[in-house]
Amino acid sequence: MDRYLCDVLVTMDGPVGAVPAPISGGAVDVGDDGRIAWCGPAADAPALGPDTTVHTTGILMPSLINAHCHTPMVLLRGAGEGLPVDRWLHEVMWPRESKLTPGDVRAGMRLGAAELLANGITTSVEMYFSGQAVAEGATDAGMRCLVTPGVIEDPDFTLTGPWPEQLDEMVALRDRWAGSDLIEVGMAAHAAYSVSAECLTAIAERAAGAGMPVHIHLAEQQWEDAAVRERTGGLAAPEYLESLGLLDGDVIAAHGVWLTPDDIGVLARNDTAVVHCPCSNAKHASGVAPVTDMQAAGLRLAIGTDGPASHHRLDLFEEMRTAIRTARIRSGDAQTFGPAEALRMTTAGAAEVLRWDGLGRLAPGCWADMMALSASEPALHPVIEAEDDPLSRIVWSGSPGAISEVWVAGRKVVEGGRVLTLDVAEAVAEAETRARRLTGAAP
């Protein structure tokens with residue numbers, strides 16, 4: 001048994017939609033099975049057992065969940081700068097990705113996983129090709145991953161085989177990793193405009209039959225609406241996906257920038273979750289998602305970084321702040337979308353989007369996926385007790401640099417900013433070599 005004593009304990013263990021107050025002077029007991037045995041005020045903690053090891057830290061809280069990413073795209077970071085999404089995909093991303101090997105994907109995932117872990121992110125939802133390689137890269141690093149290999153039907157993209165074979169492989173991948181505590185597997189379609197109705201319908205049917213979630217980009221760009229309406233005889237993307245049965249199941253829709261009130265209504269009646277990616281949307285001038293309107297409709301919401309090629313950093317602290325700022329710019333109200341709401345969308349709320357029990361909260365029975373913020377981090381000070389709001393302090397002033405330790409199922413994976421599960425220098429060198437080959441700069 002390990003006991004963690006902390007100056008401030010942030011559990012995020014409240015009713016759906018609610019954020020409990022932080023606990024001053026908290027304690028968390030972690031059993032040998034990697035799950036939390038007890039959590040609460042240190043003064044109320046049970047008596048120490050003879051084999052209990054005691055640790056002390058500053059702020060202790062759930063580690064973060066990145067609900068939409070393409071992490072192996074670290075190999076393409078910085079490519080196609082300044083291009084809008086449609087040109088960026090067709091002219092740069094898809095031609096290079098058509099050269100990817102499973103070895104490239106695993107190397108990219110390993111390097112990206114090191115960055116995620118160092119940034120306090122211990123679970124990521126990955127939409128990428130070569131799902132086996134993604135899962136292997138994640139488990140090499142000791143992090144959790146919902147792997148959702150994506151289907152694209154486009155003449156500029158030649159990496160994958162026929163989509164029926166891809167769907168077969170997704171189900172096989174799920175079966176292959178069925179015994180893992182770290183890996184869950186779903187299905188993915190790139191978007192309503194880039195995948196045929198036949199394929200989308202098949203995904204809906206296969207996912208329902210196998211009990212797998214579906215991951216899809218939705219309403220990221222303004223031009224998507226016209227493209228989908230032209231294809232469907234006037235249906236907007238959410239209504240179109242609903243007509244195909246795709247929204248009947250467990251769906252995670254990324255972006256949701258250009259959603260009308262009617263679109264949000266369609267998603268709400270289907271309990272479709274939406275992942276907000278504010279930094280990527282801003283970088284590509286895609287727009288600002290109507291997050292508060294989606295909240296008001298009762299949608300399950302999370303925050304994601306998107307891929308490191310479309311937005312360079314895998315940093316959810318930056319995403320939380322950007323989400324708040326853009327929501328307030330959109331509303332003109334400085335009280336719109338507070339820090340507690342943003343933090344929930346990277347912890348307990350994100351776990352609800354993934355439907356992954358035991359994540360995003362510190363509570364008995366949950367996995368001990370935690371991170372500690374250093375009590376000596378200058379950006380988190382001064383602390384005036386009468387005025388202090390620890391959640392605001394974490395969101396507005398927190399950063400990867402403030403993280404002292406990170407754990408996955410009680411296993412320490414980061415200490416003092418150093419990733420313990422991988423040789424990061426080796427991962428960087430391998431990624432550099434493979435990235436150069438993709439550009440044509442090296443064999």
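Predicted model: local features only at pLDDT ≥ 70, side-chain atom pairs only at ≥ 80, totals over all residues.

Analyst: Residues are numbered from 1 along each chain as its sequence is written, and side-chain values use heavy atoms, with hydrogens and water left out.

User: What radius of gyration does the protein have, and how does that agree with a compact globule?

Analyst: The radius is taken over C-alpha atoms, and the globule rule is 2.2 Å times the number of residues to the power 0.38. Along the principal axes, the C-alpha trace spans about 65 × 50 × 40 Å. For 443 residues the rule gives a value near 22 Å, which agrees with the radius of gyration of the protein, 21 Å.

User: What percentage of the contacts with a separation of 6 or more joins residues 24 or more positions apart?

Analyst: A contact here means heavy atoms within 4.5 Å. Among the contacts in the protein with a separation of 6 or more, the share from residues 24 or more positions apart is 74%.

User: How many helices and strands are there in the protein?

Analyst: Both are DSSP runs numbered from the N terminus, helices being H or I with at least four residues and strands being E with at least two. Counted in this way, the protein has 15 helices and 18 strands.

User: Which residue in the turn between S2 and S3 has a positive phi?

Analyst: Strand S2 (residues 23-30) pairs with strand S1 (residues 2-9) in the antiparallel sense over seven bridges, and Arg-3 has Asp-29 in S2 as its bridge partner. S2 is also joined by five bridges to strand S3 (residues 36-41), again antiparallel, with Val-28 opposite Cys-39 in S3. S2 and S3 form a hairpin with five residues between them, and the turn residue with a positive phi, of about 85 degrees, is Gly-34.

User: Which residue of the turn between S17 and S18 has a positive phi?

Analyst: Strand S17 (residues 411-415) is joined to strand S16 (residues 403-408) by four antiparallel bridges, and the hairpin of S16 and S17 has Ala-409 in its turn with a positive phi of about 50 degrees. S17 also pairs with strand S18 (residues 418-419) through two antiparallel bridges, where Val-414 stands opposite Val-419. The hairpin of S17 and S18 has two residues between its strands, and the turn residue with a positive phi of about 55 degrees is Gly-416.

User: Is Leu-111 buried or exposed?

Analyst: Leu-111 is found in helix H2 (residues 102-118), and beyond its neighbours within four places in sequence it is in contact with Val-74, Ala-427, Val-428 and Ala-431. Buried means under 20% relative accessible area, exposed over 50% and partly exposed in between, with a 1.4 Å probe and protein chains only. Because its relative accessibility is 15%, Leu-111 counts as buried.

Methods: Pairing = 2+ DSSP bridges.
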